[in-house]
Amino acid sequence: MTAAFQAEGLVKRYGKTTALDGVDLIGRPGTVLGVLGPNGAGKTTAVRILATLLRPDGGRATVGGFDVVKDAERVRRLIGLTGQYASVDEDLTGMQNLQLIAALLDHRGAEGRARAVELLAQFDLTDAGGRPVKTYSGGMRRRLDLAASLVGRPDVIYLDEPTTGLDPAKRDDVWAMVRRLVTEGVTVLLTTQYLEEADALADEISVIDHGRVIAHGTPAQLKHIVGGQTVVVRPLDPEHVPAVADILHGIAGVTPESPSRGVLTVPVDGDAALGHVVRQLAAAGIPVLELALRLPSLDEVFFSLTGRHEVAEVAA
Ligand SMILES: Nc1ncnc2c1ncn2[C@@H]1O[C@H](COP(=O)(O)OP(=O)(O)OP(=O)(O)O)[C@@H](O)[C@H]1O
Ligand SMILES: [Mg+2]
């Protein structure tokens, strides 16, 4: 299958900073590729190269088979970009911003107006459409930005940290929109700093750090590297710690760790383990002060990945 977009060995330097140090990315048609990485990892740089806004110093990238440098014009007709920072005009209304973009894409007059109206409705901005963007909340701006990237009905869309700074309800709206785009056959590249977001949306994830891909795989494959979820138990009475340790060992098959006094943690494969823990604690009559199932945090993912010196590769 041909890739919707592909980057091979991308290198980008800014003076002495190597922002990208040989990055490979692949977007399979109709899927979401999550690019997960901390601040300064190189996410925006990679997106800008794939969007023809920046030339690589090495390597190559294509969209729909067209080279982003040599065929930049054709690439631009295939893509939509929502940048990390709002790109709409503050003094224009939502409606005017969308119509302006439509006109730039050669949809003038009634056609552009119809597309703008349709997108405002889709992003729940119909009522705000006549107001200048400077009166919008952060979430409304983000939604208008997303709408703006869809005016030209792109085949490939890049979303650079689309939910950073949004409250949970607005974040859920963006997630729903991404899922809808994919059902319509659009290929999405989504950058994020949140493991949870990549997990919720991405079919495959490339983890980047210091301009290199340090791991690639499906969310399940990556979690496997990191060790799935963790059960945390703090018995009310510290005397019960050894009994709790026995129960956790029996369920997880490994010896629990004690990150702080009176607390035990153990990695588990799935959330079913929590039910077993609850039942066995109850059966043993052990009251608890704290009982939780948590995902590895992004910190733990990175620690686990970068703690090794070789590049972590997951077979696809
Ligand atoms: N125009 C520029 N001039 C100089 N250095 C730059 C420029 N743009 C990016 N960099 C540097 O390149 C590296 C990668 O930056 P990039 O913006 O791609 O990271 P990012 O993963 O998008 O980070 P964030 O999560 O903070 O958005 C960083 O060290 C950054 O300081
Ligand atoms: Mg960025």
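**Reading the model**

Modeller: Let's begin at the ligand: 13 residues surround ligand 1, the closest being Y14, A19, K43, T44 and T45. A residue is near a molecule if its C-beta atom, placed from the backbone, lies within 6 Å of it. This is a predicted model, in which local features need pLDDT of at least 70 and side-chain atom pairs count only at pLDDT 80 or more, while totals for chains, interfaces and linings use all residues. Residues are numbered from 1 along each chain as its sequence is written, and chains are lettered from A and ligands numbered from 1 in the order in which they are written.

Colleague: Which elements give two or more residues to the shell around ligand 1?

Modeller: Helices (H or I, at least four residues) and strands (E, at least two) are DSSP runs, numbered from the N terminus. Here the elements in question are strand 2 and helix 1, and helix 1 gives the largest share, three residues.

Colleague: How do I read the sheet?

Modeller: Strands of a sheet pair through backbone hydrogen bonds, either parallel or antiparallel. Two strands count as paired if DSSP finds at least two bridges between them. In this model, four strands form an open sheet in the order 2-1-4-5, with antiparallel pairing. Strand 2 (17–27) and strand 5 (66–67) are the edge strands, each pairing on one side only. Strand 1 (residues 5–14) is joined to strand 2 by eight bridges, and R13 stands opposite T18 in strand 2.

Colleague: What does helix 1 touch on the sheet?

Modeller: Helix 1 (residues 43–50) touches strand 1, strand 2 and strand 4 (58–63), and its direction makes about 120° with that of strand 1. Contact requires C-beta atoms, placed from the backbone, within 7 Å. Axes are lines fitted to C-alpha atoms, for helices over the stretch in contact, with angles from 0 to 180 degrees between N-to-C directions.

Colleague: Is V69 buried or partly exposed?

Modeller: A residue is buried if 20 or more other C-beta atoms, placed from the backbone, lie within 10 Å of its own, exposed if 12 or fewer, and partly exposed in between. V69 is partly exposed because 14 other C-beta atoms lie within 10 Å. V69 is found in the loop between strand 5 and helix 2 (72–78).

Colleague: Which residues of helix 3 are buried?

Modeller: In helix 3 (residues 94–104), they are G94, M95, N97, L98, Q99, I101 and A102. Their cover includes helix 4 (109–122) and helix 5 (138–150).

Methods:
Two residues are in contact if their C-beta atoms, placed from the backbone, lie within 7 Å.
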